[in-house]
Protein chains: 2
Amino acid sequence: MAAYAFGIDIGGTNIECGLVGEDAALICKSSVRTEPHRGNEHVMELIAAQIREILNQTGISADAVRGVGIGMPGLVDPDRGISILASNLNFRDYPVAGKIASLTGLPVFIENDVRLYIFGEAVHGAGQAYANVLGLTVGTGIAAALINNREIYRGGGFAGEIGHIPIDGIPYRCACGLHGCLETIVSATGLARQAKAAVAEGKQTLLSDFHPDPDMLTAKDISDAYDRHDPVAIAIMEHTGKLLGRTLSYLVPMLSPDAIIIGGGASKAGDRLVVPVKQELFAHLHPIYRDNLVVVRALRNEEAGVIGSALYAFRMLQPTG
Amino acid sequence: MAAYAFGIDIGGTNIECGLVGEDAALICKSSVRTEPHRGNEHVMELIAAQIREILNQTGISADAVRGVGIGMPGLVDPDRGISILASNLNFRDYPVAGKIASLTGLPVFIENDVRLYIFGEAVHGAGQAYANVLGLTVGTGIAAALINNREIYRGGGFAGEIGHIPIDGIPYRCACGLHGCLETIVSATGLARQAKAAVAEGKQTLLSDFHPDPDMLTAKDISDAYDRHDPVAIAIMEHTGKLLGRTLSYLVPMLSPDAIIIGGGASKAGDRLVVPVKQELFAHLHPIYRDNLVVVRALRNEEAGVIGSALYAFRMLQPTG
């Protein structure tokens with residue numbers, strides 16, 4: 001009998017729910033507003049309702065579903081199934097896995113959302129040919145996850161928070177209190193920040209004409225201006241890519257990955273961003289790493305979260321761990 | 001019956017051999033010159049002879065010895081037991097584990113020497129209270145190893161080569177061809193290099209009087225001058241420590257270690273080096289890491305290599321891997 005797992009990606013805005021086959025095929029996906037202000041229990045009910053709804057819709061028997069994987073933002077204790085802290089969802093020490101298990105009767109596994117997104121890409125996406133994958137999600141912020149032979153690296157619990165590496169020469173203060181954190185530049189927010197600054201400084205750029213209020217500038221606007229050969233947009237993209245490439249040059253000799261995957265919303269900038277990342281990274285790498293490292297974009301960007309979460313559930317259900 | 005393992009540390013100068021109990025007690029240790037110019041087979045014979053000699057000397061039965069762990073410099077394939085490349089020993093694609101196994105009749109496990117040194121410190125030394133340990137050996141060069149829940153992190157094979165992270169502001173070309181590699185400053189060699197440069201520049205320093213030829217200056221000389229309040233020696237030690245601290249601030253958010261262990265010959269500089277490392281590291285760390293990270297010196301510096309190698313053999317012999 002075919003086997004399935006649900007993959008859930010709880011974001012600040014939406015809860016994505018997908019039913020996924022063992023072959024990583026996404027059978028069905030739904031999305032509802034998260035509504036965190038209505039309380040933790042409500043969010044749990046929304047997830048259980050999505051699961052029931054998808055089972056009804058697809059006609060797949062609950063008996064064919066092996067488990068549920070849930071990606072949560074913030075700090076998670078996967079062993080106890082607890083969301084330790086997810087500020088924007090108002091979760092604190094909340095037993096997510098236990099709640100969903102009691103609502104659905106299924107085994108439930110939770111992990112940090114970035115790790116599950118990258119897990120999905122590593123085992124069944126851009127990284128599936130590589131044993132050791134360093135993956136990044138570049139979105140509102142930037143974070144990383146390390147997957148080795150299908151094992152998620154956790155460290156002391158806060159592994160992967162590369163957005164808070166302070167980099168010399170970055171002039172911005174971060175919300176975390178540090179000065180010059182990587183994600184103040186290398187993120188969708190950071191790209192928009194640089195565009196706003198350029199307009200405010202009166203630089204000659206197409207970006208000045210995109211919106212009545214420069215605060216409305218987005219990462220996508222920079223890609224659009226880039227494609228129209230705007231020198232300011234090109235400079236912002238190259239500066240951002242180079243800072244990321246330089247930061248990766250600090251990490252690669254320690255981690256020795258086979259592949260670096262760049263995902264998340266801002267990775268839609270594609271080669272505009274990835275080319276300068278590679279240039280700066282490879283210019284600063286010892287020869288032993290240069291020939292054995294690929295830098296690629298995520299393949300299943302919109303779906304990697306739910307697919308990764310479901311594949312993680314399958315992985316955790318394997319008898320050999 | 002008490003159980004033992006041999007730990008071997010093959011260095012460019014000496015081969016250290018230790019008989020170690022399951023409780024990590026070092027029962028007996030010997031050291032012979034490596035003599036790599038006499039060929040790979042000869043080096044293997046030297047190891048087998050040391051093992052026989054120690055068994056004779058201690059009167060411990062070969063039946064009580066469970067296995068042999070061997071730390072090799074350079075690139076190792078632990079699964080196949082092969083030294084892929086150890087330039088200064090003239091080893092290339094040589095089946096070290098198989099040779100020693102056939103000479104001794106014991107199960108043999110090999111790994112990179114830095115990883116086994118740090119493995120020893122992580123499971124039975126300065127890191128034994130911590131699950132996730134990032135360890136450094138600062139000697140002729142600098143390298144790192146990551147031990148998570150007693151598992152050695154390998155990545156794509158070249159993990160831990162942090163000596164070849166290029167750092168902005170380091171003016172020296174590295175033997176590897178890159179510019180500004182960390183180990184051109186943060187190593188015993190790098191400390192001596194800075195001392196020679198200071199003397200050559202005619203700086204007012206006690207270091208000028210230590211040797212007739214400034215090329216004879218060593219890392220230890222800098223510690224000695226430091227203790228006599230020499231401002232140049234103090235500045236060299238602080239600069240070196242701060243560069244290492246800053247580099248660690250790039251790695252900690254990615255790895256989230258519970259403990260950082262600083263070992264190797266240059267760690268004999270002690271707090272002269274470790275205090276500026278900590279200052280610079282903690283000044284650049286996100287608050288979530290600051291309270292949950294200790295930076296400590298290796299406990300079993302002279303013996304960590306052989307003890308770590310032996311404990312690794314015990315670890316590999318455990319049925320659950």
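**Helix crossing and chain contact**

In this predicted model, helices α6(A) and α7(A) cross in a right-handed manner (a crossing is right-handed if the near helix is turned clockwise from the far one by less than a right angle, and left-handed if anticlockwise). Helix α6 spans residues 231-255 of chain A and helix α7 residues 271-283 of chain A; their axes come within 7 Å and cross at roughly 45°. Axes here are lines fitted to C-alpha atoms over the stretch in contact, with angles from 0 to 180 degrees between N-to-C directions. Helices are DSSP runs of H or I with at least four residues, numbered from the N terminus. The angle makes α6(A) oblique to α7(A), a class left over once angles under 35 degrees (roughly parallel), over 145 (roughly antiparallel) and 65 to 115 (roughly perpendicular) are set aside.

Turning to the two chains, the contact takes 40 residues from chain B and 40 residues from chain A, where contact means heavy atoms within 4.5 Å. Together the chains bury about 3100 Å², 63% of it on carbon and sulfur atoms; buried area is the accessible area (1.4 Å probe) lost on putting two parts together, summed over both. Of the area that chain B buries against chain A, 23% comes from B:Y153, B:Y250 and B:M254, more than from any other three residues.

Two salt bridges are counted between chain B and chain A (a side-chain nitrogen of Lys or Arg within 4 Å of a carboxyl oxygen of Asp or Glu). One joins the side chains of B:R246 and A:D168, at 3.2 Å from N to O.

Residues are numbered from 1 along each chain as its sequence is written, and chains are lettered from A and ligands numbered from 1 in written order. Local features need pLDDT of at least 70 and side-chain atom pairs count only at pLDDT 80 or more, while totals for chains, interfaces and linings use all residues; side-chain values use heavy atoms, leaving out hydrogens and water.

Notes:
Helices (H or I, at least four residues) and strands (E, at least two) are DSSP runs, numbered from the N terminus.
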